[in-house]
Amino acid sequence: MNDYRTPDLEEGQSLRVRFHRKRGRPRWLIVLLVVFLPILVGAVVMLLAGAPIAFEVVRRLAARRFPDVHWIDPKTLAAWQANAKRVQPVLLDARTLDEYAVSHLPGALRMDPYRPLLRPLRGMSKDTAIVVYSTVGYRGARLVHWLTAQGYNNATVLSGSIFAWANDGRPLERQGHPVTEVHPYDDSWKYLLSSDYRIDVPPVEKKSAAP
């Protein structure tokens, strides 16, 4: 037989308050499922599936957060750069100064994805072709989202970003000289980068869901 008796109440506590607290508890579970579960699943995918699928997971995560952003893959960008008949895109590096100092795509200009300034694009028209990259693409998507809001309507993100670019053996530079080193971001994400490019440096401060 079901017990419909009123639950015990603390002195001065009303039924409305008591039941209101009970209704509020599932919100914590919702936060865990919505925020932390995708990150956990992404980490498992990175460990089990390898870099290409992990890059796609990050791309979909970023696309959900920044649905107005468009993407370009490394092979397409490389073919674009090899075509002397096409106007070349401006490359923007959406990483920290420490990461950029280790290496970057040839000719790339750096722009902070969290405190961006338009100084690197001064004098360029709003329809200039721009390709933005970061470590694996999330910060790049954040910056393209911001650029789009500023009126730059031809900006895209490099899918897989500098990790995918380096894994394909494509050119990198530091102070104008070719290098084969890439900042690994931290001890977790570095496994998406080929061991030939990893270096031992302090990790980057995390400010977003992915690099």
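Trainee: Which residues are buried in helix 4?

Mentor: This is a predicted model, where local features need pLDDT of at least 70, side-chain atom pairs count only at pLDDT 80 or more, and totals for chains, interfaces and linings use all residues. Residues are numbered from 1 along each chain as its sequence is written, and side-chain values use heavy atoms, leaving out hydrogens and water. Helices here are DSSP runs of H or I with at least four residues, strands are runs of E with at least two, and both are numbered from the N terminus. Buried means under 20% relative accessible area, exposed over 50%, partly exposed in between (1.4 Å probe, protein chains only), and the buried residues of helix 4 are Pro74, Leu77, Ala78 and Trp80.

Trainee: Why do the buried residues of helix 4 line one face?

Mentor: The arc is taken from the directions from the helix axis to the C-beta atoms. On the other side of helix 4, Lys75 and Ala82 are exposed. The buried residues line one face because, seen down the axis, they fall within an arc of 160°.

Trainee: What covers the buried residues of helix 4?

Mentor: Contact means heavy atoms within 4.5 Å. Leucine 77, leaving aside neighbours within four places in sequence, is in contact with residues including Leu91, Val131 and Trp165. The cover for the buried residues of helix 4 includes strand 1 (70-72), strand 2, strand 4, strand 5 and helix 7.

Trainee: How many helices and strands does the protein have?

Mentor: Read along the sequence, the pattern is α-α-α-β-α-β-α-β-β-α-β-α-β-β. The protein therefore has, by the DSSP runs defined above, seven helices and seven strands.
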